[in-house]
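Hi,

Here is the structure I promised to pass on. My notes on the core and the pockets follow below.

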Amino acid sequence: NNYILGLGDELTISVFGISYFQGSFKVDENGVLNLGPKFGRVNIRGLEFSDVEKILKSKMSRAFNLSKNTFRVNLSYGRNISLNITGDVRNPGTYSLSAVNNAFHALVMAGGPTEIGSLRNVQVYRNGEVIRTIDFYKFFVNPENFEIPFLQDGDFLMVPTTNNLVSTSGAFKKEMIYEMLPNETVSDLIKFSSGF
């Protein structure tokens with residue numbers, strides 16, 4: 001739902017039930033979907049998939065009774081993007097990948113962080129500015145409530161060096177080395193280790 005649509009993405013819109021409609025539409029260089037003379041053009045530049053779906057549903061409701069039909073929008077083709085992965089990763093460099101991959105997938109493509117690479121402070125740079133800092137521990141502890149950002153063409157993913165590593169051993173469920181933030185305590189460490 002939080003995937004941001006861009007140039008080259010292709011959407012398939014389907015309406016079926018008592019009526020039938022299906023069409024595939026590509027986002028052009030202006031960030032516009034041209035739905036033809038019946039439904040017009042829709043500017044979707046910078047919008048998330050869930051917002052585009054609502055806009056398209058509203059457009060289609062003018063021609064179809066959607067209470068008696070099923071309405072679906074699918075991403076039938078995802079564009080490719082080029083991004084740079086730098087810092088303490090095993091294989092830094094420039095990568096080309098489908099835009100449906102998020103920052104976690106990109107980090108995996110680069111071999112993940114090195115032994116001293118941070119998972120708590122991964123930064124996404126866009127146009128020279130940090131637009132998001134990702135703490136992947138939050139995803140590992142509670143994946144249902146964590147949204148990993150999607151990346152755009154030309155983004156930089158930077159993995160800094162860790163500052164504070166603590167190892168657990170003995171009667172912890174997960175004995176390993178953890179990266180701790182300055183405001184975290186032993187109780188946080190026990191939680192990361194899944195308890196005793």
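This is a predicted model: local features need pLDDT of at least 70, side-chain atom pairs count only at pLDDT 80 or more; totals for chains, interfaces and linings use all residues.

Which residues touch the most other members of the largest nonpolar core? They are Ile-13 and Leu-56, in a core of 48 residues; by core I mean buried Ala, Val, Leu, Ile, Met, Phe, Trp, Tyr and Cys joined through side-chain atoms within 4.5 Å, with buried being under 20% relative accessible area (1.4 Å probe, protein chains only). Helix α1 (residues 49-60) gives the most to this core, four residues. Leaving out residues up to four places away in sequence, Leu-56 touches Leu-11, Ile-13, Leu-33, Leu-35, Val-42, Phe-71 and Val-73 (heavy atoms within 4.5 Å).

Residues are numbered from 1 along each chain as its sequence is written, and side-chain values use heavy atoms, without hydrogens and water.

The largest pocket holds about 460 Å³ of space (on a 1 Å grid over the protein atoms alone, an open set of points where a 1.4 Å probe fits, with protein on both sides within 12 Å along at least five of seven lines; lining residues have an atom within 4 Å of a point). Its lining has 18 residues, with Leu-119, Tyr-137, Met-176, Ile-177 and Tyr-178 closest to the centre.

The second largest pocket has about 210 Å³. Among its 13 lining residues, Leu-5, Gly-6, Leu-7, Arg-79 and Gln-152 are closest to the centre.

Cheers

Key
Grid points are joined across faces, edges and corners, and a volume is the space filled by probe spheres set on the points. Buried means under 20% relative accessible area, exposed over 50%, partly exposed in between (1.4 Å probe, protein chains only). Helices (H or I, at least four residues) and strands (E, at least two) are DSSP runs, numbered from the N terminus.
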